[in-house]
Amino acid sequence: MSDLLRNIIRFILFIGIQVYILDNVPPLHRFIVPVIYFLFILWLPFSISRFWLLIIGFLTGLTYDYFFGSPGLHAAACVLIAYFRPFIVNILIPKDTSEFNYSEPSAKAMGWAPYMVYVFALSLLHHGYILLLEWLDVGNFLDFLIKVVSTTAISMLLIVTAEIIFPRRLKYRTNTA
Amino acid sequence: MRNVFLFIRRYFTFLSFVLLQVLALSMLFRYNRTHRAVFLGKANELTGYFNSKYDNVDDYFHLKEENLRVHRMNDSLLNLLPRNFIKVDTGSHVITDTVQFDTTYMVRRYLAKEAKVVSNSINSLKNYFQLNRGSKQGIKDNMAVINSDGSVVGQIVGVSENFSQVMSLLHIHSTVSAMMKKSRNNGRIEWDGQSSVYLTLRNIPKSDSVLVGDTVLTGINSYNYPPGWMIGTVSEIVEDKSTNFYVLRVRPFANFQNLQQVFVVENLQREEQVALDKATQKKVDDLNKRKAQ
């Protein structure tokens, strides 16, 4: 399966799961909000150019926004994480994109510890930004802090679960071929 | 000039990042203020299409409760039928007019249309839901939305051709004029964003003797909501020592989790009321200006 087709299917799946499953889960508590759709951006290939990463991030966020009923909110957060993604990958693993043995960020490609740091940093950034915007609109600082911690924790839990339950079959690439 | 191009090429990613960020934020702020956004009409059609497909399946899980609500509503209407009543005064006799209702004094003020909820949220601070009726079916902004059991659930904020967006009572910016059923004292219903099972009723004076369990209805100070529809019952009375008003925690009648069939209620005299309001405001302003001179 080509990268393009694979990512289109993923896009539909992530938005669908977020909109029709996670958003319809009866709320356990107002701080517990499961969000996973932005994993789509974290799973995009290393080789994608930074400009296209931004555009794809924007479109992903905007698509979810129109379902969610807040045009611009998730788009802004997705553009932010799309912008910072290459920097964080670079800090964690200072390699050129062509030197990776796998095409996408994953526990296999980066190792569990750096991959978890990568996921954690970007989910914190995503939720922090969304909740900051929400806090500016309707403010309660303590709520903001608790929500950043709780939503990031829930997202991490969901992402780790997703990684374990649905292992991605990624091809091992070598330079010799 | 060459330097400008070099600058743009060098910081191309950063500049596009800033541009997209500004675009997204401007969309967000515009939407928060006015509930308008670019492509919202087209996007509404698209999300509405998928939501109604999903809703077709989801419907089966709520049929029982929905049936019960509709049956209760039917029951209350059945009891209003004229054939349930008889005249006890034997001295007078009934003359049946050819016109079945009094056309001289009755003018229709509110008109209800049925609609179906296709998507719903209660998890965020700003909850919206989507209906399968839009401008083609005569839905306009600011119409009230009432649940199948006659309890108020929200108000229309956005309309596309075949779908419309409703601001739920569970929206941090929602305010609805409300009154106590017993005393007819007017207040306003808000939501504090905390729990989806409680609303807050403010502005009921402490001279009113409020008890837990009292019914709260929609009030008369609204152009959108028809007065006298149920909102909820008082579940907790919070004494606010600093003011002369109660803060009442109200349990809504509507279960926002499983809204299915709803009614969209139009105030047919809204335009006239708003125009009058504006004209009055203008007159008062003019008067004040003349006084100041």
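Throughout these legends, two residues are in contact when they have heavy atoms within 4.5 Å of each other. The model is a predicted one, in which local features need pLDDT of at least 70 and side-chain atom pairs count only at pLDDT 80 or more, while totals for chains, interfaces and linings use all residues. Residues are numbered from 1 along each chain as its sequence is written, chains are lettered from A and ligands numbered from 1 in the order in which they are written, and side-chain values use heavy atoms, with hydrogens and water left out.

**View 1. Ser164(B) and its surroundings.** Let's start with Ser164(B), which touches Phe129(B), Gln130(B), Leu131(B), Arg133(B), Ile139(B), Ile156(B), Gly158(B) and Val159(B), leaving aside residues up to four places away in sequence. Ser164(B) belongs to strand 5 (residues 164-171) of chain B; strands (E, at least two residues) and helices (H or I, at least four residues) are DSSP runs, numbered from the N terminus. Is Ser164(B) buried or exposed? Ser164(B) counts as buried because its relative accessibility is 0%; the cut-offs are under 20% relative accessible area for buried and over 50% for exposed, with partly exposed in between (1.4 Å probe, protein chains only). Its side chain reaches the backbone oxygen of Arg133(B) at 2.8 Å.

View 2. Two strands pair if DSSP finds at least two bridges between them. Strand 3 (residues 144-147) of chain B runs antiparallel to strand 4 of chain B, and three bridges join them. Look here for Val145(B), which stands opposite Gly154(B) in strand 4. The hairpin of strands 3 and 4 of chain B has four residues between the strands, and Gly150(B) in this hairpin takes a positive phi near 85 degrees. On to strand 5 of chain B: five bridges join it to strand 4 of chain B, again in an antiparallel arrangement. Gln155(B) stands opposite Met167(B) in strand 5, and a hairpin of four residues joins strands 4 and 5 of chain B.

**View 3. Where chain B meets chain A.** The contact takes 37 residues from chain B and 35 residues from chain A. Together the two chains bury about 3100 Å², 67% of it on carbon and sulfur atoms; this buried area is the accessible area (1.4 Å probe) that two parts lose on being put together, summed over both. In chain B, Phe17(B), Leu20(B) and Asn123(B) lose the most area to chain A, together 19% of what that side buries.

**View 4. The salt bridge between the chains.** How many salt bridges does the rule find across the interface of chain B and chain A? It finds one, counting a side-chain nitrogen of Lys or Arg within 4 Å of a carboxyl oxygen of Asp or Glu. The side chains of Lys126(B) and Asp137(A) meet in a salt bridge, at 2.2 Å from N to O.

**View 5. Gln18(A) in helix 1.** Our last stop is Gln18(A), found in helix 1 (residues 3-20) of chain A. With 0% relative accessibility, Gln18(A) counts as buried. A polar atom of its side chain lies 3.3 Å from the backbone nitrogen of Tyr37(A). Not counting residues up to four places away in sequence, Gln18(A) touches Asp23(A), Pro34(A), Val35(A), Ile36(A), Tyr37(A) and Tyr64(A).

Key
Polar contact = N/O pair within 3.5 Å; in protein donor to acceptor, adjacent residues only side chain to side chain.
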